[in-house]
Each structure stands twice: as C-alpha cells, then as structure tokens.
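Please read them with the structure open.

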Amino acid sequence: MPISLYNSLSRRTEPFRPLNPDRVTMYLCGPTVYNYVHIGNARGPVVFDVLVRLLRRHFPAVLYARNITDVDDKINAAAQSQGVEIGTITAKFSQAYREDMAGLGIAPPDLEPRATDHIQAIIRMIGQLLEDGHAYVAEGHVLFDVGSYPDYGRLSGRDTEELIAGARVEVAPYKKNPTDFVLWKPSTPDLPGWPSPWSLGRPGWHIECSAMSAAHLGDTIDIHAGGIDLLFPHHENEVAQSTCAHGGKVFARWWMHNGMLTFDGRKMSKSLGNVLLVHELLKAHPPEALRLRLMSGHYRQPLDWSDGAIAQSVSTLDGWYRVLRDLAHVELPDGGLPVPERVEAALCDDLNTPQALAELSQLADQARINGDAASKAALLGGGALLGLLQQSPEAWFKRGDNHVDEARIEDLLRQRQAARAGRDFARADAIRDELGAMGIVIEDGAQGTRWSVLKT
RNA sequence: GGCCUGGUGGCAGAGUGGUCAUGCAGCGGCCUGCAAAGCCGCGUACGCCGGUUCGAUUCCGACCUAGGCCUCCA
C-alpha cells in the first residue's frame, strides 16, 4: 500500500518515494529546553510518531532524528533569572521533555542530537558558506547573504522583495540586507561561547538544525517535519543554508507541517501565555486520551483544545477498553498483532488519523460482536499502529489512580451482592450510591460486577 | 498591508459532483430488581450570494467570518 504525503514544498500530496528505500531519513525540529513544553508542542511529536510507525512498516530501516536545542538566548535568560548554571536548565528540561513525550506514548527517536555537541560541525558549515560567498562577517557576526540564494522564499511562498519592503523589525545596521539572518553571533563572557574564526560566540538557531541534520542523516534527507509556524523563517533559512553549504544539493525532499493547536480559539503559545503544560495534563487526565485528542483531527488542520474534547476522548477509549475487558479471557493468536488494512490505508492517505480512528471504532464493534481472537487482535493491532490501547483494560479503568482503596471497593461490592441476593434493593442501591460518592461507577454484567474510576 | 488555511448536524471531526462517515452527547424501545453497559431505531449538516452542471456541501467567482505566517514559537 503506497504512502502519500502532502509536501509543503510542492503544496501537493505526492506518493512518498524515499531516496534510498533501505534507509529512510526524517528530521523533526525538537524543543528548546528552557521550560516545560505545552500540549501544542506535543502535537507534532505525536502525529510524526504515527508517521514513523507507518514508515517502519514499509521500509526496513528508518532513521528518525528529533533534536534538542540546548543553546539559545531563552535558555540563557532562564538560567540567569533562576540563578543557576545553563547546564542545569538544559539537563532538567531535556529530561522533562523525554518524560512528557514518553507519557504521551511517543516512541523515542533513533537519534536525539544536541546542538552543543555539534558546535564544530556548525563552525565548519558556516566556514563553507563563507568560502562559497553565501555568508559574510560583520562585527563578529556571521550572516547568511540571502541575496546569494535566488531560490530563497520558495518553500514558504514568499517574495524576497516583499520581505524587504514589509520588514517590521528594526534592521541591525551591520546587515547588508534586511532578510539576512545570523549564523554566528558573538558572546559576552557571561554567556556560553565557543572559539571560532570570527569571535568567541554561539550559533544562530537556524544553522543548528541544518548542521545536526547533515551530521546524522546526510546532505539530503527524505522528510523534514515541524510546526507550520516554523515554515518561515526557520525552515526557509534551513533550506538556504543547507542547500548552499552542500553545493546545491536538495536539503529535504518532503516538508511536512502540522497545524497549530488552539486554546480559546487562539494559538497556544508561550508568548500568549495561554498554555497547558503536558507535565500537568498528564497528571490530570488519562495520557492516552490526550494522545487520542491530538490525533483526532487531521494533522494539517488547526485543532482546538478543551476539557470537553478531552472528556470525549476518554469516553471513546472507555468504549474500546470495555470491549477489551470483556475479551480479557480470549487468547491472542501467536505471531504478533496484524495491522488491519483499512487503518493502514487511512494513514497512507496523508496520515488521515481521523479516518483511521473511525476504522478503529468499526474494529471495536466487530470485536464486541464476534468476540473472537482474530477480532481482538485486529483491534489491538490497529491501536498499536496509532500508539493507542497500549495498556491493560484494568489499568485503564483504574485511571492510573493509586489512591483507590480496592479492598474497600471489593468489600462493598460483596455486601451489595449479598443485599441483591436477599432482594434488599434499597440496601444495594445505597451501596452503589456510596461507591458513586467515592468516584466509583459500577456495572453488573454477565461476568459479574465491574467497577471503574469515574475521572477524566 | 502581503502570503496562506479553514468555515460540515448539540459537540468533536472525515469525506464526496448524484447512494453511509465515524465518535461523543440526546431521544424512543429491548434488556436489567433499578441502573450501567450492550443491542435496535430516531433526529438535526455542509457560512452567505451568484455561476458552471441534468444535478453542488463537493468545481469557479464575489462576499462575510475565523485562524496562521510575515518577530521568538511545535
């Protein structure tokens, strides 16, 4: 089943054919580690995690890199305001990021390059750009000369002339051209700095990704992904740098951009202050419900975040896990889980996760109706491709709540059963109400009385 | 101001030139001691105005409206 993916570069959905099918390469712009990430930051990692899972089914080797930017002025500012070393900040939030991503069921990338480990590669790349006349030195800075790259603006659909005319920011006096961007900037003694031919300094943001991508994945990669807000200037600049530093070779063959997460109708962003931290949401809601919500819309569309939407996701998962709980006694067939064709087909169509989820609902219906091993395996197999249904039904219905007093619940259920047996329904209902007050909902079924934690 | 996306039923959210999205919620019935779950059934959609067409939610144009980028940002 061929994979088709929308390419921001051509603005069309195209059949995905990697340069080398034996080694598919993909790069996702990762976080700048100066704070906890918000749920909007997790959308790309989640949807591209699904893409990687899909790619791994189609190709023998996929090399997926997600970088960590650990040198940046925001990090410097955070360290300064908290009175700690920069390394303290970056170590803490790098780890927090890994934990948050793992919490959302995102598989670790194959490579997690850090900017500070690639300073020499960055310096070499800048040197190459200078040598080839694509960059110039000014007051200890090295700037990319946009005028030297005629294709600048092609990815983001921008006209260089208009960019110059429409420049709203104050232009640094040492720039030849307002759109020129910094590759290297000088540092003062209180800031992190590395020796270079131009100054004791640090790299600009854009060059980091270019250098890390080339160092690990090669001059030309198959897919470069990130949020649509990075399309300009970040990705446009990456294209310019990498293409020029590599003698005109194509940098990324596919550019994929996820839409923004909104909250109260506005883009969720740190600068707007309307953020919900993954770190906090993971404590308040079942993690899989967060993941489900993030892929319940098509990845290129905007997606609005709300408590109501989380509750819907929880209800949906309740239904699927209920099926699995009823089939707990059904042994799975040997040989691993199959991937249902319809789920895969949906994903092959430019990662249509909403369609894939609709298929999963059908599979849940089938499993409930048929109750056989093959149907159960199909449901779990479809879930696995999406990174869902990864826990036991029992764990799901306990909502990861370690405070529930299971012994007391079981005791009350026994008392209720005794009351029911004696047809003392007033007593039985009183016990059910008592459990309800504890946040426990129950249901009587053929396999006895079940209980779940009522919580989103 | 420039560039780019969207506007689908109570909510979420796919998709399609003419026959079904799907989920959540709601309503009626069955089941149940009563519930819950499940099963059966029901309902309400494609921003607005034109155009193309035998026929448009789907194609084209205008308009209204929401959002993104143009500055750090997933």
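This is a predicted model: local features need pLDDT of at least 70, side-chain atom pairs count only at pLDDT 80 or more; totals for chains, interfaces and linings use all residues.

1. Residues are numbered from 1 along each chain as its sequence is written, chains are lettered from A in the order in which they are written, and side-chain values use heavy atoms, without hydrogens and water.

2. Around RNA strand B there are 53 residues, of which Trp 205, Gly 227, Leu 230, Lys 267 and Arg 432 come nearest; a residue is near if one of its heavy atoms lies within 4 Å. Sugar and phosphate make up 62% of the RNA strand B atoms that come within 4 Å of the protein.

3. Base nitrogens of RNA strand B lie 2.7 Å from a polar side-chain atom of Gln 312 and 2.7 Å from one of Asp 429. For Gln 362 the partner is a sugar or linking oxygen, at 3.4 Å.

4. Helix H12 (353-370) is among the elements that each supply at least two residues of this surface, and H12 gives the largest share, seven residues. Helices here are DSSP runs (H or I) of at least four residues, and strands (E) of at least two.

5. Three strands form an open, mixed sheet in the order E12-E11-E13, where pairing requires at least two DSSP bridges. E12 and E13 each have a single partner strand, so one side of each lacks a neighbour in the sheet. E11 and E12 run antiparallel, joined by two bridges; Thr 262 has Lys 267 as its bridge partner in E12.

How values were computed: A polar contact is a pair of N or O atoms within 3.5 Å; within protein, one must be able to donate a hydrogen and the other to accept it, and residues adjacent in sequence count only if both atoms are side-chain atoms.
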